[in-house]
Amino acid sequence: MQGIKPVAARSRLVPCLAWGYLVFVMATWLAVFLGGDRWWPATVFLFSPRWFVSLPLMVMVPLAAWANRRSLMPLFAAAVIIFGPLMGLCLPLPQAKSVPGPVLRVLTCNVQTGDFNAAALSALIRDSGADIVALQECPPEFRIALPREWQSVQDGELVVLARYPLQKSGSLQALHPPHQWPRTCLLQCVITVPWGKVAFNTVHLPSPRYGLQTILDRTTLFSLSRKGLLIEETAHRKRVAREAQRAVAQSPLPVIVAGDFNMPADSTIYRDVWGRYANAFSEKGTGYGRTEFASMRGIKVGVRIDHILAGNGLGIRVCETGPDVGSDHLPLIADIGGHR
């Protein structure tokens, strides 16, 4: 009889732990979705390696299999949430039929202030069949080998390249902390493609990197006394994003926005400001689509902060990340055309 009590205790304890873990995972997911870029702890997690939440599964799954197999059900549900929406998994829905009509292939990449392989990028542009290329963090002396008929426009560190006639239509500058002088965060062009004119925009919005680096501490994990910079930085990023979107929205033409938004698609700023546009990878990409890989206080973090958006009658056909070209960002490539 004395041996029965520990067995009964295990049978009661393991389900409690499993269901409690599921509740924790769901609460974390909701906190990120509702509070990311709105509440500073959720903002930290928004840009963190979210797979950390799955670590308890390494202990709990074997424990449940040994002590109470019914507890595997909530653990499975927790795993689906973690590796699905919490980590940003994209699985495109099957399309009934493709929309006929011309397609533009768009490629965007942050080239890390010239710290990239120019030959690899040039080969990617050629081999991918790109029609329009948006580059961010380009040095003033930026040069790349392109076919003779291609045209280019550069404003600050933003560059647009196209195989079609290209004309600059506007730009916007903003501070990118900790830099002391404004930098171009939006470059607007009108591109005359075979089937008409398209308003093409490339962006490089302010980064949360410095606020995140300030608040993270190797010893205490978080330094709450330094959260002010992250809060100020988040408010600044939202203001700049709204200014950029207002400038983009002024054009009645079919519109494409491509570049380094410095925010994932589940950011509240992204959803509030850019949610009206079709996100290429969200709609047609497969997987997590991480485009930047950075080290945050020694922790390697991959996030999907580069996006290609379409609006005013344009829709997405295909989207995928490209190969490494030497930058800390991966290229993003999408086919755009037809109607949503």
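Predicted model: local features only at pLDDT ≥ 70, side-chain atom pairs only at ≥ 80, totals over all residues.
View 1. Cys90 takes part in none, and the cysteine sulfur nearest to that of Cys90 belongs to Cys319, 9.0 Å away. With a relative accessibility of 7%, Cys90 counts as buried, because buried means under 20% relative accessible area. For Cys109, the closest cysteine sulfur is that of Cys138, and the separation of 8.9 Å is too far for a bond. Cys109 is also buried, its relative accessible area being 0%.

**View 2. Strand 1 and its two neighbours.** Six of the eight residues in strand 1, which covers residues 103–110, are buried, so this strand is largely enclosed by the rest of the structure. Strand 1 is joined by six bridges to strand 16 (residues 332–337), and these two strands run antiparallel, with Val103 standing opposite Gly337 of strand 16. Five bridges join strand 1 to strand 2 (residues 132–136), and here the strands run parallel. The bridge partner of Thr108 in strand 2 is Ala134.

View 3. The open sheet shown here has six strands in the order 5-6-7-10-14-11, and their pairing is mixed. Strand 5 (166–174) and strand 11 stand at the edges, where each has a single partner strand, so one side of each is left without a neighbour in the sheet. Strand 14 is joined to strand 10 (residues 255–260) by six bridges and to strand 11 (residues 278–279) by two bridges, and it runs antiparallel to strand 10 and antiparallel to strand 11. Leu309 in strand 14 stands opposite Val257 and also opposite Asn279, while Ala310 of strand 14 stands opposite Ala278.

**View 4. The two faces of strand 14.** In a regular strand, the side chains alternate between the two faces of the sheet. On one side of strand 14 are Asp306, Ile308 and Ala310, on the other are His307, Leu309 and Gly311, and all of these residues are buried, so that both faces are covered. Strand 14 (residues 306–311) is thus described as mostly covered, with six of its six residues buried.

View 5. Side chains of opposite charge can pair when their charged atoms come close. Among the nine salt bridges of the structure is the one between Asp37 and Arg237, whose closest N and O atoms are 2.3 Å apart. This pair links distant parts of the chain, since Asp37 lies in the loop between helix 1 (4–35) and helix 2 (40–46), whereas Arg237 lies in helix 7 (residues 227–249), 200 residues apart. Asp37 is buried, with a relative accessible area of 5%, and Arg237 is buried as well, with a value of 1%.

**View 6. Two further salt bridges.** The side chains of Arg126 and Asp127 meet in a salt bridge with an N to O distance of 3.2 Å, and both residues are exposed. Another salt bridge is formed by Arg183 and Glu157, with their closest N and O atoms 2.4 Å apart. Arg183 lies in strand 6 (residues 183–193) and Glu157 in the loop between strand 3 (151–155) and strand 4 (158–162), so the pair ties together parts that are 26 residues apart in sequence. Arg183 counts as buried at 18% relative accessibility, whereas Glu157 is partly exposed, with a relative accessible area of 22%.

Definitions and conventions:
Residues numbered from 1 in each chain as written. Heavy atoms only, no water. Buried < 20%, exposed > 50% of the residue type's maximum accessible area, 1.4 Å probe, protein only. Helix = DSSP H or I, 4+ residues; strand = E, 2+ residues; numbered from the N terminus. Pairing = 2+ DSSP bridges. Disulfide = S-S within 2.5 Å. Salt bridge = Lys/Arg side-chain N within 4 Å of Asp/Glu carboxyl O.
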